[in-house]
Each structure stands twice: as structure tokens, then as C-alpha cells.
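Biologist: I am new to this structure and would like to learn how to read it. Could you take me through it one feature at a time?

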Amino acid sequence: MGIDADRNRTANGGSPDGSDRISSPPPAPVLLAALLVAAGALVPLGLLVLLLTEYEARNLVPALLLAAVGVGVCASTGYGLWRGWRGSRIVAVLLGVLLLLSGLSSLGSSDFGFLPMAYGALVTLLVLVPASARAWFRHS
């Protein structure tokens, strides 16, 4: 089946290794989700700035490491969504569900509980529901 698929792809103007899909732009829902997840890297950076301005410098190593991990996860997940990597889709869904649950748990105690809840639900729905998004991650 692999040889026949390569022949069909080549006959239709595509490359045999399937790399022609990677050069095409992602569908709009995936692009929006990638931008939202990549923009989520601003949250750990903002928390780091808050820590740097409010607290002493002796206990900042764990905060720096946590901020670096948060920025790295958000940036790499956003890039992976843009490229069509299925692993990044799984990470985005997990982050979205965790944010949704976090927002639900803080809904009664905070006025801003709806923000992470809406953000998480939006990212999760953008990568799971539209047919164009499902097709984007199908062949990676």
C-alpha cells in the first residue's frame, strides 16, 4: 500500500515522502490554536517578572526553571501545532483540559476563573472539533 500511495501522490504532483503537506499553511482553527498556545508562554514570563520585582533574589532558581519549562512547553507546542505534529495536538488538548479544570476549581473563589476555563476550552475545541483540524493532524 505504501508504494501505491507514493505513486499516486507523485502522479498528483506531490512529493513521494509527503513533505508537500508540511509546506502548506495550517487551517484557520489550527493556526488560531497555535497562536493561542504560543501566546500562553507570556503567562510564565509575566509570573517571572512579578517574582523578580516582588521577592528577594535568593529563591529565584526554582522560579526561573519553572518559567523556562512553561515557556518551552508553550512555544514548542504552538510550533508543533503549526507543523501538524500529533504529539503537540495531544499536549495542547491536555493543557486545555487542565486549564478548564483549573478554571472550574477557582470559579467560586476568584473573579477570573472563567478566563483559564474559556482559554482551555477554546484551545481544546479548536484542535479537536473542526474537520480541517482533524485532517491536518491525520497524516503526521
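Modeller: What follows goes from the whole chain to its helices, then to single residues and a pocket. Keep in mind that this is a predicted model.

Biologist: How many helices and strands are there in the chain?

Modeller: The chain has eight helices and zero strands. Read from the N terminus, the order of elements is α-α-α-α-α-α-α-α.

Biologist: What share of the residues is buried?

Modeller: Of the 140 residues in the chain, 27% are buried. Contacts give another view of the fold. Among contacts with a separation of 6 or more, 61% join residues 24 or more positions apart.

Biologist: How do I check the length of a helix, say α6?

Modeller: Compare the expected span with the distance between the end C-alpha atoms. Helix α6 covers residues 86-105. Its 20 residues should span 28 Å at 1.5 Å a residue, and the end C-alpha atoms are 29 Å apart, which agrees. The same check can be made on other helices. For α5, with 23 residues, the reach from first to last C-alpha is 33 Å, close to the 33 Å expected. For α3, with twelve residues, the reach is 16 Å, close to the 16 Å expected.

Biologist: Which residues of α6 are buried?

Modeller: They are S88, R89, A92, V93, G96 and G103. Seen down the helix axis, the buried residues of α6 fall within an arc of 140°, so they line one face of the helix. The other side of α6 carries the exposed residues I90, L94, L98 and S105.

Biologist: What covers the buried residues of α6?

Modeller: The cover includes α5 (61-83), α7 (114-128) and α8 (131-136).

Biologist: Which residues of α5 are buried?

Modeller: In α5 the buried residues are A63, A67, C74, T77, G78, G80 and L81. They pack against α3, α4, α6, α7 and α8. Just after α5, G84 takes a positive phi of about 90°.

Biologist: Which residues of α3 are buried?

Modeller: The buried residues of α3 are P29, V30, A33, A34 and V37. Viewed down the axis of α3, they fall within an arc of 135°, so they line one face of the helix. The face turned away from that buried side carries the exposed residues A28 and L35. As for what covers the buried residues of α3, the list includes α5, α7 and α8.

Biologist: Where is A38 found, and what is A38 in contact with?

Modeller: A38 is found in helix α3. With a relative accessible area of 33%, A38 is partly exposed. Apart from neighbours within four places in sequence, A38 is in contact with C74 and G78. A38 and Y79 are 41 residues apart in sequence and 7.5 Å apart in space, C-alpha to C-alpha.

Biologist: Which residues lie nearest the centre of the largest pocket?

Modeller: The largest pocket is lined by 15 residues, and G40, V43, C74, L99 and Y119 are the ones nearest its centre. Helices α3 (28-39), α4 (42-54), α6 and α7 each supply at least two lining residues. The largest share of the lining, five residues, comes from α6.

Biologist: How many lining residues of the largest pocket are nonpolar, polar or charged?

Modeller: The lining has 13 nonpolar residues, two polar and no charged.

Conventions: Residues numbered from 1 in each chain as written. Predicted model: local features only at pLDDT ≥ 70, side-chain atom pairs only at ≥ 80, totals over all residues. Heavy atoms only, no water. Helix = DSSP H or I, 4+ residues; strand = E, 2+ residues; numbered from the N terminus. Expected span 1.5 Å × (residues − 1). Buried < 20%, exposed > 50% of the residue type's maximum accessible area, 1.4 Å probe, protein only. Arc of directions from axis to C-beta. Contact = heavy atoms within 4.5 Å. 1 Å grid on protein atoms, 1.4 Å probe; cavity = no way out; pocket = protein on both sides within 12 Å on 5 of 7 lines; lining within 4 Å. Nonpolar A, V, L, I, M, F, W, Y, C, P; charged D, E, K, R; others polar.
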